[in-house]
Amino acid sequence: MQWVNGSSSGAMALADRRPRSLLVKVEMNTMNAGVMGSRLRNRQLALNYIRQTGGCSRSDLMRELGLSRSGVNHLVSALIEEGIIEPQQEAQDSRGKRGRPSTFLNYRGSGGLVAGVDLGHGHVTVALATLSGEIRAEASESCDVDHDPEGAAQLARRLYDKLFAEVGASRVHHVVVGVPGPINERTGSLHAPTVLAGWINVRPLDLLERHFNVPVSLAHDATLGAYGEQLRGAGRGLQHVLYVKVSGGVGAAMIVNGQRFVGASGLAGEIGHTTIQGTSELCRCGNRGCLESIVSADTIRRQLGLSAGRDYDADTFDFREIKDVAGVRILSEAGWSLGRHLSDLCNCINPQVVVLGGSLGAHSDTFLRGVEQSISRFAQPGVVEDLEIVHSALGERSEIVGAVMLAVERAIPAISHE
Ligand SMILES: [Zn+2]
């Protein structure tokens with residue numbers, strides 16, 4: 001399988017980050033050149049690249065698409081004429097040398113916006129963004145998503161309408177919704193109803209399409225977090241990223257060879273309900289000893305409250321404020337337990353970076369150090385050598401940023417046909 005190709009020599013160390021190639025480049029190179037050379041395909045590849053890089057030159061496009069100068073000029077002229085991209089002259093090149101000014105191509109889109117929706121276990125966040133991925137407006141509200149799918153969908157639509165009016169949007173091309181459970185990206189169906197018990201007999205895609213009269217697609221929330229961090233956060237410029245969301249639930253997602261790896265049906269990375277030997281805590285899925293029952297933000301907050309002799313409010317609690325000896329011990333041990341499990345995953349995919357997101361993972365240094373020590377102890381030495389373990393650079397917004405970026409990607413083929 002050519003797309004499982006971890007770095008084997010340390011040559012891909014973070015210090016050697018190279019500009020990230022087009023996400024679909026590997027796919028392009030391996031497919032039939034005749035098919036991939038079609039005008040429409042090149043147009044989509046060019047738009048994706050210009051969007052993801054935030055602007056590029058004609059030479060960049062020649063290199064990335066493998067096209068001749070005349071081929072790129074033809075493609076670019078059409079996109080400029082249609083108003084989808086715009087050329088921007090630079091007074092002098094970046095090295096300050098005199099000479100012919102370079103022209104950068106910036107994405108303008110065709111006018112409309114895209115939307116991202118992040119359904120957490122206890123909140124709904126909605127964002128509207130331009131076709132270059134710039135978020136124009138965002139809103140979030142608490143909601144019992146686990147037990148009230150209809151209420152969550154209504155709240156998402158209400159926030160969407162509010163933002164739509166706020167930014168004066170004329171059109172939304174696509175909505176991507178992140179779901180905190182094992183969602184099949186192809187069919188839009190949920191698996192394992194024990195995780196989202198309130199969603200039994202609900203087909204999420206049908207539910208959300210009913211509330212949004214534009215194209216909707218679904219993804220597991222952690223895969224969106226990974227995508228957000230890869231394009232705009234701590235995984236920027238990297239090809240192999242392991243993202244772990246530690247919030248109300250625990251989920252992992254992978255970027256392999258620069259691409260989201262979701263498995264056969266979108267379920268890759270569902271580690272929250274993996275049974276950990278030697279533990280017997282009851283999990284909300286009905287099993288005992290699940291990873292999530294040991295290290296989720298809710299579990300750890302309850303344990304911290306127990307040691308402090310008080311109840312912490314989930315909405316206002318901040319893991320960064322825990323400094324007492326017992327609290328530090330609880331956070332450190334939770335990190336160690338998660339790291340033990342992540343060690344196996346690191347051995348499998350040999351990532352360049354492990355990014356911790358979610359309300360616990362994104363904020364607690366003590367928790368992160370526990371993860372780090374555990375991975376150093378249990379993963380293969382060669383795997384650990386160049387590995388960095390970091391908080392998400394987008395804080396708790398990785399999922400919503402990933403949702404709008406995926407919505408842009410999904411919208412571009414349709415726009416290319418317009
Ligand atoms: Zn479980």
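Start at the zinc ion: its 4 donor atoms subtend angles of 103 to 121 degrees, so the arrangement is tetrahedral (four donors qualify if all angles lie between 85 and 135 degrees). Before you click on, note that this is a predicted model, where local features need pLDDT of at least 70, side-chain atom pairs count only at pLDDT 80 or more, and totals for chains, interfaces and linings use all residues. Residues are numbered from 1 along each chain as its sequence is written, and side-chain values use heavy atoms, with hydrogens and water left out.

**Zinc site**

Select His273, Cys283, Cys285 and Cys290: they coordinate the zinc ion through ND1 of the histidine and SG of each cysteine, at 2.0 to 2.3 Å. Donors here are N, O and S atoms within 2.8 Å of the metal (3.2 Å for Na, K and Ca); water is not among the atoms, so sites may look incomplete. Along the chain, the donors are spaced H-x9-C-x1-C-x4-C. Cys283 is buried at 6% relative accessible area, and Cys290 is buried at 0% (buried means under 20%, exposed over 50%, partly exposed in between, with a 1.4 Å probe and protein chains only).

Now pick Arg284 and Asp146, which form a salt bridge with their closest N and O atoms 3.6 Å apart. That pair ties together distant parts of the chain, 138 residues apart: Asp146 sits in the loop between strand 5 and helix 6, Arg284 in the loop between strand 10 (259-261) and helix 9 (291-295). A salt bridge needs a side-chain nitrogen of Lys or Arg within 4 Å of a carboxyl oxygen of Asp or Glu. Asp146 is buried at 10%, while Arg284 is partly exposed at 36%.

Switch to cartoon. Here 5 strands make an open, mixed sheet in the order 5-4-3-6-7. Its edge strands are strand 5 (135-142) and strand 7 (216-220), each pairing on one side only. Strands are DSSP runs of E, at least two residues, and helices are runs of H or I, at least four, numbered from the N terminus; two strands pair if DSSP finds at least two bridges between them. Zoom in on strand 3 (residues 113-119) and strand 4 (residues 123-129), antiparallel over 6 bridges; Val114 has Ala129 as its bridge partner in strand 4.

Finish at Asp206 and Arg203, whose side chains meet in a salt bridge at 2.6 Å, N to O.

Note on methods
Four donors count as tetrahedral if all angles lie between 85 and 135 degrees; four count as square planar and six as octahedral if opposite donors are over 155 degrees apart and all others between 65 and 115; anything else is irregular.
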